[in-house]
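The structure is shown next.

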Amino acid sequence: MPTALITGITGQDGAYLSDLLLKKGYRVVGLVRRTASADVICARLKWLGIEDKVEFVDGNMTDLSSLIRIMQDVKPDEVYNLAAQSFVGASWQQPLLTGTVTGLGAGNLLEAVRIVNPGARFYQASSSEMFGKIQEAHQSEQTPFYPRSPYAVAKLYAHWMTVNYRESFGMHASSGILFNHESPLRGIEFVTRKVTDAVARIHLGLADHVSLGNLEATRDWGHARDYVEAMWLMLQQETPDDYVVATGRTTSIRDLCRIAFSCVGLDYEPYVRVDQAFMRPAEVDVLLGNPKKAEDKLGWKPTTSLEDMISEMVEADIARHTAAAHKLTRK
Ligand code: NDP
Ligand code: GDR
């Protein structure tokens, strides 16, 4: 039974990747950082019904000694580095923490692998945010980078460290340049989930509007369940490499709102307000990826349309709010 170590196991992708690897017969070990609310650590894993099937180890991306100890104890065959301060908006409020966790944290993990277990295969969660201001139609592995946020700058450091460790030490280190991917397990601060949650609350009479920032930016949105499959496929290749993972379709935030409100038979316009507080100091206007290399070499393809994914998210948010209301009335 191969062993996979996942950092960021409590996040959206960590949950879906755990589910995938368990189904493939892996022993799955997740790095978790200590928090004061340990009881909510497993919310996403619980949602998928797998919280008792994974093992947890304590550590932190900022603490190299903990990563070395974990590498010695767990002896993973595959290491998936998903941990990050992953919210672009927050990276202007906490730029140095973002650099420390998202950038240097990846460096720490690469060092731990190199020192203890250099034969392990390594996956780095790189991001389309690294393209930033470069607005090539269909951004690919050849597109240059121009990061537009402290988050993207940190991801760029982690990305090049992964490439560098592959070239310097011959490590099997691959980097997935993933475009936005969403699901019912997406954090509530990201725009898709913020909108689907608002649609659910408006539909149930619990809210009367949602405040957003830039409605004209466009994103290439896919489903997290599809994207974790690409991560796994990268580590099954004989040679490590970097791959863009995307759908090849881009949609504005405005059209996302249109699609989400239509799930409950509403027009979005009366319910969506623009609030300057949600505008970013520097915006990434357009993201549109070209997944051809992943399709050709990994045999990967996205399977979920944006409409189906948003509808799944709206339904899940309606179910969550309905269940919470029932719980309150029973008390
Ligand atoms: P989430 O924000 O949902 O999850 C981030 C994870 O990182 C959480 O498990 C969090 O733990 C953990 N973490 C944060 N800080 C630390 C730390 N100091 N030490 C250990 N763990 C830490 O992200 P996603 O699942 O959406 O994304 C996974 C990865 O992929 C991230 O690196 C993200 O930047 C990247 N990415 C995501 C894309 C997307 O569209 N989702 C696209 C491209 C890249 P805790 O629960 O304790 O907060
Ligand atoms: P992003 O995702 O920054 O692309 O990063 P997010 O959903 O936060 O923003 C997408 C776009 O929507 C615009 N927007 C708003 N965004 C938020 N969060 N809240 C709002 O109210 C709002 N109004 C408009 C943003 O300006 C932006 O243009 C995600 C993260 O998962 C990263 O970790 C990952 O690397 C990238 O995707 C690829």
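Are α4 and α5 roughly parallel or roughly antiparallel to each other? Helix α4 (residues 95-116) and helix α5 (residues 150-169) pack at an angle of about 15°, with axes 8 Å apart, and are therefore roughly parallel. Angles under 35 degrees count as roughly parallel and those over 145 as roughly antiparallel. Axes are lines fitted to C-alpha atoms over the stretch in contact, with angles from 0 to 180 degrees between N-to-C directions. Helices are DSSP runs (H or I, at least four residues) and strands likewise (E, at least two), numbered from the N terminus.

On the α4 side the contact includes G99, G103 and G107, and on the α5 side A154, A158 and M161; contact requires C-beta atoms, placed from the backbone, within 7 Å. By class, this contact has eleven nonpolar, six polar and two charged residues. Ala, Val, Leu, Ile, Met, Phe, Trp, Tyr, Cys and Pro count as nonpolar, Asp, Glu, Lys and Arg as charged, and the others, Gly among them, as polar.

The ligand shells hold residues whose C-beta atom, placed from the backbone, lies within 6 Å.

| Shell | Residues | Nonpolar | Polar | Charged |
|---|---|---|---|---|
| Ligand 1 | 25 residues | eight nonpolar | 15 polar | two charged |
| Ligand 2 | 21 residues | eight nonpolar | seven polar | six charged |

Around ligand 1, G8, G11, A84, S86 and A125 come nearest, and α1 gives the largest share, three residues. For ligand 2 the closest are V88, S127, V191, G213 and A217.

Residues are numbered from 1 along each chain as its sequence is written, while chains are lettered from A and ligands numbered from 1 in the order written. In this predicted model, local features need pLDDT of at least 70 and side-chain atom pairs count only at pLDDT 80 or more, whereas totals for chains, interfaces and linings use all residues.

Terms used: Angles under 35 degrees count as roughly parallel, over 145 as roughly antiparallel, 65 to 115 as roughly perpendicular and the rest as oblique. Two residues are in contact if their C-beta atoms, placed from the backbone, lie within 7 Å.
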